[in-house]
Structure formats: structure tokens, C-alpha cells
Amino acid sequence: MIKQNKQQKNASLRIPLSMPFLPLAVDFAGKGARGFAYTDKESHSLELAVEELFSFYVQKVAADSAVELEVEDQGYRLALSISFQMANPDMRAFNLVWQVNPDSEESLELLGPMIAARSVSSLRLDFGNDDRITLRMTRNRDYPTTQVAALPPPNTQGPVRLVEPSSSDLRHFSAMVSASGAPFIPGFLASPGMAADMLAAGHLNAILALRGDWIIGGVLWRPLTDSCLELYGPYLFNDDPDDVVLTLLLDEAVGRISRSRFRGLVRRQGQLQGYERFFDLLGELDLTGISGAATRSTYYYRQLREEGGGVVYCSGALATFLADQYNRLCLPRQLRENGGEQLRLRDASVLAVELEYPRSLAIIRPLCAGKDMAANLAAHLDLLQNDGINNFMVEINTGRSEDIAFTDALEATGFVPRLLIPDAGLGDLVIYEHRVRKQQS
Amino acid sequence: MNLDLLIPEYVRNFEAYTPSRPDHLLQEEYGVSHLHRLNNNENTLGPPAAAVRVIADFSPDLAVVYPSGDSYDLREALSRRFDICRDRFLVTNGSCEAITSIIKAFCQQGDNIITADKTFAVYEWVAEFSGVEARLVPLRDYAYDPQGLLDRIDARTKIIFICNPNNPTGSYWTKQVLIDFLEKVGENRLVVVDEAYCEYVEDPEFPDAMELMERFPNVVSFRTFSKMYALAGLRAGYLTGTRDVVDVVRRTSVTYSVNVQAQMAAKAALSDDREHIAATRTMVKQARLFLCKVCTDLGLETVGGEGNYLMIKVPINDLLMYRRLMKRGMMVRSMTGFRFPGWIRVTLREMAVMESFAEALTEEIREIRNVRV
Ligand SMILES: Cc1ncc(COP(=O)(O)O)c(C=O)c1O
């Protein structure tokens with residue numbers, strides 16, 4: 001069901017991108033957030049981010065540029081975008097760690113974007129058409145994490161019903177998941193109010209299993225990329241002989257999303273016994289948390305529709321890795337050797353970084369290839385590691401030649417391909433992990 | 001150019017169907033030298049002999065001029081065959097065009113259609129991309145649930161689509177079930193009975209929607225030359241209803257959508273189908289018996305009834321099974337898109353191919369089980 005909210009949920013502002021307008025931009029973010037009933041603390045972190053980003057990019061644009069700011073209340077979070085045009089941009093300016101020289105103290109002053117990234121829940125940079133650059137950030141509401149909920153008695157009896165939960169049902173279910181001590185509870189479930197608000201905003205879907213009046217389990221999903229969904233669970237609160245409830249939940253979830261625009265479904269939590277009835281196994285990744293404790297995520301995947309296959313150009317270790325994976329997963333791909341494209345590279349490469357401080361994780365995605373790719377990657381590693389990040393992943397899209405151009409630089413800086421997330425040969429993702437750093441930490 | 005400003009919301013959110021690629025590309029990608037299609041429920045015996053001759057003798061001169069815009073001769077043949085006035089037939093570019101035309105003719109935004117959740121997807125798709133709500137009623141024991149459908153009817157319900165027999169489960173309503181249903185539905189909305197696979201059914205209790213139109217003028221029947229008549233590549237289907245209903249649907253159908261060769265071949269096929277239907281039924285029966293036994297021996301659950309297809313529950317996800325079978329040159333239909341995750345649907349064909357398929361399936365199942373142990 002699609003919930004429509006007719007209320008005005010956004011506000012926008014168009015002003016010159018120049019220093020005298022900085023206070024207006026900052027005020028817009030802060031007052032906009034407060035206008036949508038965000039707390040002072042939540043609003044302040046957006047002010048801080050806008051201040052850092054605005055003053056950083058002001059220096060890089062032509063004198064008469066304009067900037068558009070937009071805030072949108074999504075219920076559980078505020079989304080803010082800053083968008084401006086920039087002809088012939090100095091690409092280096094879009095790296096998170098622009099011009100960082102680890103030996104020089106003063107270069108750290110140029111870390112505006114990183115400070116901004118740290119104060120919000122997510123920050124992303126997009127290059128659009130017409131040299132348009134958009135910085136997108138979100139700030140989640142602060143939710144209390146605990147809420148007590150009773151779990152069903154061990155052996156509830158009777159037939160199982162599947163229901164689409166209301167927000168209140170989901171709030172209760174989230175609290176039950178926490179009470180059950182399940183491993184791998186995503187952040188939005190650990191804060192019951194957040195899951196409920198995400199459901200209301202249409203950013204999360206769920207099905208719960210009920211026996212009598214008791215919720216005995218549930219499964220959730222939400223978009224991971226434009227073409228792929230991520231599944232969470234199933235979380236089960238009773239014994240489930242022969243996986244009856246698990247199967248009901250998974251079949252219903254897959255049935256519901258099978259005619260959507262999504263092509264794939266990923267699950268990356270712990271192991272799932274009997275997974276092969278539902279998923280293909282992609283592989284495993286280990287993450288070292290802030291405390292140093294390691295968690296292992298097992299990546300499962302299933303296609304939601306038959307795909308047409310495709311041609312993938314690559315070489316070296318990536319080609320070997322892909323040949324292996326495509327063969328193992330019976331995916332129809334023709335691998336073709338690419339070579340010698342390095343000649344046409346720009347000087348400066350650009351990387352986008354998504355930072356998740358709570359998981360001590362940096363996900364790096366190439367935006368533009370350039371001659372300095374290896375140095376740029378190394379600079380990111382140094383800086384982020386000094387900032388307390390333990391885990392580095394680089395995600396490359398095999399459908400983009402800019403991404404493929406990074407493969408040598410990745411190998412040179414100690415990254416190894418670990419996982420393939422297929423996407424119809426249109427843009428299969430390869431996740432590289434940084435081995436050397438992991439061993440050091 | 002911002003296309004988003006031009007596209008209606010219900011089209012923006014709709015994902016186009018991706019048809020499978022041509023065999024030669026699939027063969028290259030999956031590394032196989034042959035490919036048996038068991039995915040689209042085609043009749044591999046080929047068209048009836050008279051239709052084969054018409055196709056073989058087709059003169060290029062005929063390609064120069066437009067075909068009959070209302071398939072006049074073919075309707076005449078249908079009229080003689082079913083003893084129904086020619087104006088009560090509308091010939092379409094496959095029955096998919098009939099689905100589109102009837103929804104366009106009767107539904108506007110705010111209206112709804114009702115059908116099952118696990119059935120041929122095109123009713124739901126056309127409704128969605130036309131801004132019409134598709135209400136989906138869960139199957140009960142793999143069959144259309146009459147009460148479930150009735151419960152969803154409201155003042156804005158325009159059409160109820162019944163796939164009889166149902167693709168993919170093969171279940172069907174008997175004449176009595178259909179009559180009871182029509183009585184309860186009343187006359188204020190249309191009931192389309194999609195009889196794409198009716199020629200496969202031998203049960204005397206199986207209803208003929210055309211016969212019911214006298215008593216229930218809101219009944220519309222869809223049939224096709226794609227299935228039993230093996231003319232899927234030429235695209236011809238037809239809709240039968242009261243004259244009033246057909247007149248309305250004709251308004252939203254494009255003239256000349258049915259090509260001349262399709263009209264000629266379909267007409268010939270109708271004139272020479274007795275032995276063809278008998279031979280096809282024999283082939284399907286034999287294939288079904290054989291494949292059911294293979295599945296029982298392998299401990300695989302099956303669901304089937306009428307129609308030239310059988311659903312098989314597989315021990316791994318169906319999309320992976322599809323790809324594994326592709327690597328053995330066997331193209332089946334994965335059933336996730338039909339909301340049956342974990343199932344595949346297999347077209348019942350001539351024994352030689354069924355035997356090769358059984359071999360491939362058996363090897364796959366053994367391999368899968370061995371890895372797991
Ligand atoms: C139930 C059903 N109706 C209609 C069709 C459409 O057939 P065509 O457009 O080829 O006539 C099919 C084809 O698969 C079908 O299975």
C-alpha cells in the first residue's frame with residue numbers, strides 16, 4: 001500500500017554561492033530542520049555540515065554561481081541537498097580528502113567535507129548532467145534505542161497468519177527483535193521508533209507472522225540500490241521445526257517484490273541455515289568494529305527475474321575473480337580483455353566515500369578515473385585510518401569503464417576482489433576489501 | 001529534457017518486461033550448442049497441416065498490401081465454426097492485445113480490475129501501466145478462489161479476469177463453479193474468461209464461455225492461436241462477446257494490427273484442427289505422465305492440471321535452477337515472477353525432449369543434493 005502524505009514536506013532556497021550568503025544557508029538548514037520539528041541537536045548537526053560544505057565549495061566555483069538548497073522531511077530523517085553548477089571543475093575538489101598530504105599538519109584544515117560527513121548520518125556526492133554537482137546528506141532523528149517487549153511463550157499453537165504491519169505493529173516487532181537478542185540487528189531496527197517511521201515513509205517494507213495474538217516472527221526489506229533490495233531476517237521468536245514459518249515469510253516476501261522494478265535481493269547478515277532453497281551464496285566479509293571485535297557477514301543473493309546476460313570488459317586479477325564467480329553462479333557473461341585505455345585518463349581521479357562511523361566502515365566508490373588513482377586511494381586510506389576507520393571496501397561497477405579503470409590501482413594499494421553482487425550484466429558490483437590494513441589493525 | 005515531467009506517475013513506476021534474448025545469443029552466453037525452449041508453452045508439434053501449407057505458399061505479393069483491417073475472412077471462419085455471428089468476434093494481435101484493448105475500453109483512473117495473484121501477469125501489467133488498480137486475490141489450493149474474488153468487488157470494479165485453465169497452475173473452474181460465480185457477480189461488470197489453453201482440456205465439465213454469453217451477456221472469452229494452434233510467432237488471438245461489448249472494444253483496438261499471414265494461417269488452422277488437437281493432447285498427456293513420474297522418483301513436488309505445462313518445486317531458488325538448466329541447454333520458466341518462488345514451469349513437449357530434460361534435471365538435482373550432504 002502506498003501512503004500518500006499531502007502535507008508540504010520540503011522547503012528550498014536559491015541563493016548566490018558566495019561567502020556573504022553563508023549565514024543564510026546555515027540558517028536555512030537549521031531553521032528548516034526546526035520547522036519540521038527536529039530537535040536542536042539534530043538541527044545543529046545539519047547547520048554544521050552546511051557550514052563546512054558551503055565554505056569549502058565556495059572557494060572552488062566561479063564568482064557568479066548560484067546554489068540551491070533543499071530540505072525534505074522524510075519522517076525518520078531530514079534529507080538536505082546542496083546543488084550547484086560548476087563548469088570545468090577541478091576534479092580534485094570532489095575528493096573527500098582533497099589535497100591531503102599526510103605529512104603536513106596544515107592540509108588537515110582542508111577537511112571541511114569530512115567534518116561535515118561526521119556530523120550527519122550520510123553524505124554523498126553526485127555528478128549530474130550539465131556539470132551539476134549535488135551533495136546529499138541525511139540526518140536521522142535521534143531515537144531511544146530501548147523499549148521492552150515480551151516475547152511469545154515458547155510453543156504457541158494454532159495456524160500462522162501473515163500480515164502487513166502497521167507502524168505500531170512494527171514498533172512492537174522491532175522491540176521484540178531487540179529483546180530476542182538476535183545477532184545482526186540493523187540500526188533502524190535497534191531503534192523501534194525509527195523502523196516504524198521508515199515504514200510510514202514507505203522506505204521500509206515488512207511482513208509479520210502471527211499465531212493467535214502473538215507476533216512470532218517477521219521479515220523486512222528496503223532498497224539497497226536502484227535495482228537491488230536488501231532483506232533483513234527472517235527474525236523468529238519461536239522454534240520453527242522444518243522451517244515452516246521461515247519459508248512462509250521468505251516466499252511471501254519474494255512473491256511480493258517479484259513484480260517490482262527491482263532485479264535482485266541481497267541479504268548480508270549472519271548465516272541462514274538451508275539458504276540454498278532461497279538464495280545463491282555470494283561470500284563472506286569480516287568487519288572489525290570500533291571495539292576491535294570482528295563480525296562476519298554472509299552475503300546471499302537471488303535474482304528476482306531472468307536476465308539477459310552481458311559483456312564485461314576487464315583484466316588482471318579482476319578477470320580471474322569474475323570468471324570464477326560467473327562460472328560458479330552460472331551467470332551468462334562474456335568476459336573480454338580490456339587493455340591500454342590508461343592513455344586517455346584525466347590527471348585527477350575522484351572517489352566518493354560513504355562513511356559509517358558506528359561500523360567503522362568506509363565504502364569507497366570511484367566517480368572519475370585519473371592518473372593519480374593509486375595515490376588518491378592511498379591518501380584516502382591513510383586519512384580515514386587516522387580517523388579511526390578500520391574497514392575499507394571499494395565498490396566498483398563492472399558496467400562502468402571509469403570504475404574498471406581503477407582495477408590496477410586497487411591491486412597496487414592492497415585491495416582484493418572479494419564479492420560479486422550480480423546485476424544482470426548491466427552493472428554487476430564487485431566489492432574489494434583491503435587486506436593489508438585489516439591485518440595491521 | 002526532463003522526461004519525468006511528461007510521464008504519468010503510473011508509467012514512471014512501471015518496469016518494462018524484459019523478453020528473453022534470441023537463442024543464438026543465449027547459446028553463446030551459456031556456452032551451449034543447442035537450446036530447448038520449455039519456457040513459453042508453445043506447441044512444438046507445429047501448426048495444423050493446412051496452416052503449414054498456407055505459410056509455406058505465402059506469396060510476397062500479399063506482403064505489399066494492407067491486410068483485412070477487421071480480419072473479415074477469419075471472423076467468417078470463426079463464425080461458422082462456433083455458430084456465432086461474425087460481428088461478435090474481434091481478432092487481435094495475440095490475446096495480449098485483447099487484454100490491452102478491453103482495459104482501455106472500459107477502465108479509467110479510479111476503476112479497478114480483479115484477478116488472481118498467481119496467474120498470467122499481463123492483466124495486472126496492463127492495468128498498472130494504464131493507471132487502473134489491479135486487485136489480486138490469492139489462489140486457494142492453487143486455484144482461483146470465487147469467494148475471494150467476489151469479496152473484492154466494489155462500485156469501481158469493471159472487469160474480472162479468470163484464467164481458465166490457470167497458467168501456471170493448470171487448475172480450472174468447472175461449468176457449475178463458473179455459473180455460480182457469474183450469478184453472484186451480477187451484470188454490472190465484465191467477466192473475461194481467458195481460455196488460452198481451453199483446447200487442451202478434455203473434461204466434459206470444463207465450461208465453454210462462448211456458450212454462456214446468451215445467459216450472461218457480461219461474459220467475454222479470449223482465445224488464441226498461439227498455444228494449441230502453434231502460431232505464436234504470427235500473433236493472432238480473438239475475443240468473443242456480445243455485439244455491444246465487441247463494438248466498444250473495437251474502438252480501442254488498432255486497425256491492421258493483425259497481419260495478413262497470421263489471418264490466413266489462423267483460418268487454415270481452424271479448418272484442419274481435429275487430428276492436430278488429438279495428436280497434441282496425446283503428446284502432452286504422455287509428457288505429463290512421464291515428467292510427473294520423474295519428479296516423483298526425484299522426490300520433487302509438482303503442480304499441474306490442464307494445459308501443456310507442469311510446475312515443479314526445486315530444492316534451490318528457481319532463478320539459479322533456471323541458469324543451471326540453461327547451461328545444459330534447457331530453457332524453463334522461473335516462477336518467481338509468477339509469485340511462486342522456488343518453482344519452475346516446464347512446457348510439455350515431445351518425448352525426445354522430455355527425456356533430455358529429465359536427464360538434465362536428474363543430474364542437477366543429484367549434484368545439488370551431493371553438495372549439500
Ligand atoms: C493465459 C494466457 N493468456 C494469454 C496469453 C497470450 O497469448 P498471445 O498473446 O500469444 O495470444 C498467454 C500466453 O502465454 C497465456 O498464457
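**Two helices in chain B**

Mentor: Helices α3(B) and α11(B) are roughly antiparallel to each other, where that term covers angles over 145 degrees. This is a predicted model, in which local features need pLDDT of at least 70, side-chain atom pairs count only at pLDDT 80 or more, and totals for chains, interfaces and linings use all residues. Residues are numbered from 1 along each chain as its sequence is written, chains are lettered from A and ligands numbered from 1 in the order in which they are written, and side-chain values use heavy atoms, without hydrogens and water.

Trainee: At what angle do the axes of α3(B) and α11(B) cross?
Mentor: Roughly 155°, and the axes come within 7 Å. Helix α3 of chain B is residues 49–56, and helix α11 is residues 260–271.

Trainee: Which residues of α3(B) make the contact?
Mentor: Ala50(B), Ala51(B), Val54(B) and Ile55(B). On α11(B), the residues include Met264(B) and Ala268(B). Contact means heavy atoms within 4.5 Å.

Trainee: And by class, how many are charged?
Mentor: None; the contact has eight nonpolar and two polar residues.

Trainee: New topic. How many helices and strands does chain B have?
Mentor: Chain B has 14 helices and 13 strands; these are DSSP runs, helices being H or I with at least four residues and strands E with at least two.

Trainee: What share of chain B is buried?
Mentor: 55% of the 373 residues, with buried meaning under 20% relative accessible area for a 1.4 Å probe, protein chains only.

Methods
Axes fitted to C-alpha atoms, helices over the stretch in contact; angles between N-to-C directions. Parallel < 35°, antiparallel > 145°, perpendicular 65-115°, else oblique. Nonpolar A, V, L, I, M, F, W, Y, C, P; charged D, E, K, R; others polar. Buried < 20%, exposed > 50% of the residue type's maximum accessible area, 1.4 Å probe, protein only.
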